[in-house]
Amino acid sequence: MPERRPIRVLPPALMHQIAAGEVVERPASVVKELVENSLDAGATHIAIHIDGGGVRRIAVRDNGHGIVPEELELAVTRHATSKIAVLNDLEKVNSFGFRGEALPSIASVSLFRMASRAQDQDMGWKVHVDHGEMCESGPDPLDRGTMVEVRDLFSNVPARRKFLKTEPTENKRCQDAILRMALARTDVRFTLTVNGRETMNLPENQSLRDRLAAFWPPAIMDGVAEVDAERHGIRVHGLVGAPRTAQGRGDRILLWVRNRPVQDKLLLTALRQAYSGRLLSKEYPQAALFVELPPEMVDVNVHPAKLEVRFSDESSVFSAVRSAVLSALDRGGVLAHPRRATPDPAHQTMPDPASETRFREPPAPSFGRDRSKFPSYAEYRRGPGELPLTPPDPASLSRQSEHDRVSPPDGEPLPASPVPAFASPEIQQPRQAPEVGGYRYLGQVSDTYLVLSRGADLFLVDQHAAHERVLLHNMRRQRTRGDSQPLALPLELPLHPSEAQELDRLWNDLRAAGFRLSHARPDLLHVEGIPPTLDSAKAKEYLRSALDSGASGLEELWTMLSCKSAIKAGQPLATDEALALLESWLVCPEREYCPHGRPTVLRWTPQELEKLFKRK
Ligand code: ADP
Ligand code: MG
């Protein structure tokens, strides 16, 4: 049994360290607290410096109202705040802070310096607190405003340091925190310097759209629609992305309630519902949405980091958000990009909702006519400049014919409409049908599916899904080789700030893929070597989409790229094109599913066909 110890009140430094666990989780939380304090102080310019992922140093300088010398020590004392005095204030608090615990918490786990000069003072004052111990105070030559510097974060709590991620990741989190505050306060000027390099300079009094354009790539900004609607006293405003620019990750969904950044399930669900029918289940829209409502309708005091909120009337909030976004999408020109630009009789005979979602993407208008975009069979074999399809390995082709590699569709019920199409005369020519990898190619139906037979079995291959699989396979193979082809003339790629940030994150992956890059200036990328399988135009396109994709790593990048570059559904294929595709697809691993996990191929045995025709 452990020895009984007397109960004691904890020494203040330890108390602060424990409390710091709640408020100060990582460098980004420090940045958030300091910048919020500057905003609460009425600053119109906030300059932020981050070094070493924020662990080495975070400094925030503002031109706000400052703190008088006699109160500066209080500012770093627990539960000392200028923002609320009585409990009643708590309900209608408009400032970001009000708990009075951020500064003492931060100061307890770092080397903390704060200097401030209040508006009406002719002298500034400073305090130094090391790991929670006040160690210096005195006059400071600072101009009006406040400067806080936090060095060596968590140097006295090594356990917490272990939870931190790499420097680029912590940097990104800091920048994300700043992004959210900068978008909520477009009236304030923000500058950010990371490791001595200025990465953000947002002027005063920008529009939300202009400010967001510093973070989101033009491809997304071009399609955003404005939201502004009020219902049941709840105003919802901001910008939402076009369904066609939806992405595989939800990191461009930014929500605020009464100007505070939140992550709230209710709001997210309402947003998604507004997009329903316009997105695939795995896609996320972009949104920067502000919900304004009277203070008594929301409790922002639920979570210490204040990311969660509680609404008194959830259903009103839900319907306000949903309807505001819905009407923006309907009105905002987003539907000017309809699911299908032109009605196509072949597709109208296929009301299957699964195929409908595939046609939802706006068709590349000239793709059908411009054959050059889809390489001919001969180009396939040669290995064209695009991500080339390699000639099939003969060994695996013969293996293919020995074994039944294509699995049945697990007794899934089939839509009734495609079945009669099989009887169309153009595909009933088995004797002349060309062979590929032991299969007979019978033709294309609906400009989307390739019809095959082997023995007595019938197969339908989705051309888009199959091509995605082929492209992904090729990209993976190239990656493992990691070769690079030097360019005689290096390419120059101007970088948007959001792309520069992505570049830092994806740098190693891009190298592994064969890119040799140098980041000469923050806004310019030099490409000195590219994977040998790309030409320079494709390499440029590739890099651009890689940096705009928000991908978590190269594997995800490949998947998205394979989808983007793959031939679309609804594209007529000449026989040699179809054969080339099938030939490459048949040697791919995991060929039965596309990279997103949808089936590439369906198969029916004679028994299954008999059942479908109710012969049995
Ligand atoms: P809170 O923000 O919850 O009040 P903090 O610990 O963050 O608690 O700050 C304590 C107090 O210090 C604030 O209430 C405010 O009066 C003062 N303060 C902090 N940062 C600044 C700043 N940048 N400018 C002016 N006053 C500040
Ligand atoms: Mg605060």
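Hi everyone, some ground rules to begin. The model is predicted, so to speak, from end to end: local features need pLDDT of at least 70, side-chain atom pairs count only at pLDDT 80 or more, and totals for chains, interfaces and linings use all residues. Residues are numbered from 1 along each chain as its sequence is written, chains are lettered from A and ligands numbered from 1 in the order in which they are written, and side-chain values use heavy atoms, with hydrogens and water left out.

Let's start with the whole protein. The secondary structure comes to 22 helices and 23 strands; these are DSSP runs, H or I of at least four residues for helices and E of at least two for strands, numbered from the N terminus. Of the 616 residues, 49% are buried. Buried means under 20% relative accessible area, exposed means over 50%, and partly exposed is in between, using a 1.4 Å probe and protein chains only. For contacts between residues at least 6 apart in sequence, 68% join residues at least 24 apart, where contact means heavy atoms within 4.5 Å.

Now the inside. A nonpolar core here is a set of buried Ala, Val, Leu, Ile, Met, Phe, Trp, Tyr and Cys residues joined through side-chain atoms within 4.5 Å. The largest one has 60 residues, and Phe112 and Phe190 have the most contacts inside it. Helix 7, residues 167–184, gives the largest share of this core, 8 residues. At least three residues come from each of domain 1 (12–202) and domain 2 (208–332), with bounds from an automatic or database domain assignment. Apart from this core lies another, of 32 residues, including Val227, Val240, Leu293 and Val317. In soluble globular proteins, nonpolar side chains tend to be buried together.

What does Phe190 touch, beyond its neighbours within four places in sequence? Its contacts include Val35, Leu39, Ile46 and Ile48, and also Ile178, Met181 and Ala182. Arg185 and Arg211 are in contact with Phe190 as well.

Staying with helix 7, have a look at Arg180, which is found there. Is Arg180 buried or exposed? Arg180 is buried, with a relative accessible area of 14%. Leaving aside neighbours within four places in sequence, Arg180 is in contact with Ile253, Leu254, Leu255, Trp256, Pro261 and Val262. Leu212 is 32 residues from Arg180 in sequence, and their C-alpha atoms are 10.0 Å apart.

Next, a helix pair. Helix 10 (residues 265–274) and helix 11 (residues 314–331) pack at an angle of about 35 degrees, with axes 8 Å apart. The axes are lines fitted to C-alpha atoms, for helices over the stretch in contact, and angles run from 0 to 180 degrees between N-to-C directions. Among the residues that meet are Leu266, Leu267 and Leu271 in helix 10, and Val317, Phe318 and Val321 in helix 11. The residues of this contact divide into 11 nonpolar, 2 polar and 2 charged. For that count, Ala, Val, Leu, Ile, Met, Phe, Trp, Tyr, Cys and Pro are nonpolar, Asp, Glu, Lys and Arg are charged, and the others, Gly among them, are polar.

On to backbone angles. Most residues other than glycine have a negative phi. Asn205 has a positive phi of about 50 degrees although it is not a glycine. Asn205 sits in the loop between strand 8 (197–202) and helix 8 (208–212), and is exposed at 59% relative accessibility. Asp447 also has a positive phi, near 50 degrees. The loop of Asp447 runs between strand 17 (439–445) and strand 18 (449–454), and Asp447 is partly exposed at 24% relative accessibility.

Gly124 is in strand 4 (residues 124–130) and is buried, at 1% relative accessibility. Beyond four places in sequence, Gly124 is in contact with Ser116, Arg117, Pro139, Asp140 and Leu142. Pro486 belongs to strand 20 (residues 485–494) and is exposed, at 67%. Not counting residues up to four places away in sequence, Pro486 touches Glu528 and Gly529.
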